[in-house]
Amino acid sequence: MPETPLIEITNLSLSLNNTDLLDSISMSSKDYGVTMVMGPNGAGKSLLLRCLHGLIKPTFGSIKVCGEHVLGPSTNQAMVFQTPVLLRRSVSANLQFAAPRGTNAVRIKNALSTAHLADKKDLPARLLSGGEQQRLALVRALLRKPKLLVLDEPTASLDPASIQIIEGLIQDFTEHGGKTIFVSHDIGQAKRLGSEIIFIHKGRVVEHSDADRFFKNPKSKEAKAYLNGQLFV
């Protein structure tokens, strides 16, 4: 485990229109695995990821990724959203456009193969199914060789086959030294992938622990209610 935290957030706050959306969030992670971010709708999970990726400037506080301050979008990171954003080009051309300079054709071919899209490389990317589009978006992000992979509910409403492929790609990325932070409402998925859990409620981190402890013995009443399928406000 590295001495310097892979993610370090200090007193992060975000206010819009006099409304506090994120409230003094402080957390750090030295874990190379998958950090799952969980919590009810409207808790601030997606906002936290957008701040982490440099897409939104926080009102107050600081964020470091791999020891470097996040001041805007960085080549050290790649983000995949719930709804894929694809270019009006072929499947293969989407990868070629995003690939770093000097990327050879073999690497593009391997990326298509790992996403199970090799037979669709010449199709317009936007004609793929939802699951295929998300697999393409993920391998396109991984082609950048990021240190941090930021995922905002990338498997919501996808078919089981695509979910399995995507989870396999994420596990392979982390096993080779990458760090992933992943928003999901799927408790089963969090148990399969998560090495640690951050639970957010009303813009605050109310629990942060390793996954095994979180699921067996959550400390906060909010996390207990969430895991029991209860409604709470």
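Contact here means heavy atoms within 4.5 Å. The model is predicted.

Select its six strands, which form an open sheet in the order 6-7-8-3-9-10 with mixed pairing. At the edges stand strand 6 (77-80) and strand 10 (204-210); each has a single partner strand, so one side of each is left without a neighbour in the sheet. From one strand to the next, the twist averages 15°.

Next, select residues 148-152 and 179-183. These are strand 7 and strand 8, which pair in the parallel sense over five bridges. Within this pair, show L149: opposite this residue, in strand 8, stands T180.

Select residues 45-52 for helix 1, which lies across strand 3 (34-38), strand 6, strand 7, strand 8 and strand 9 (194-201). Helix 1 runs at about 150° to strand 7. Then select residues 130-142: helix 4 packs on the sheet and touches strand 6 and strand 7. The direction of helix 4 makes about 175° with that of strand 6.

Last, turn to a helix pair. Select helix 2 (residues 91-98) and helix 3 (residues 105-114), whose axes are 10 Å apart and which pack at an angle of about 125°. That angle makes helix 2 oblique to helix 3, and their crossing is right-handed. To view the contact, show V91, S92, L95 and Q96 on helix 2, and I108, A111 and L112 on helix 3. Coloured by class, this contact has five nonpolar residues, two polar ones and no charged residues.

Terms used:
Residues are numbered from 1 along each chain as its sequence is written. This is a predicted model: local features need pLDDT of at least 70, side-chain atom pairs count only at pLDDT 80 or more; totals for chains, interfaces and linings use all residues. Side-chain values use heavy atoms; hydrogens and water are left out. Two strands pair if DSSP finds at least two bridges between them. Helices (H or I, at least four residues) and strands (E, at least two) are DSSP runs, numbered from the N terminus. Axes are lines fitted to C-alpha atoms, for helices over the stretch in contact, and angles run from 0 to 180 degrees between N-to-C directions. Angles under 35 degrees count as roughly parallel, over 145 as roughly antiparallel, 65 to 115 as roughly perpendicular and the rest as oblique. A crossing is left-handed if the near helix is turned anticlockwise from the far one by less than a right angle, and right-handed if clockwise. Ala, Val, Leu, Ile, Met, Phe, Trp, Tyr, Cys and Pro count as nonpolar, Asp, Glu, Lys and Arg as charged, and the others, Gly among them, as polar.
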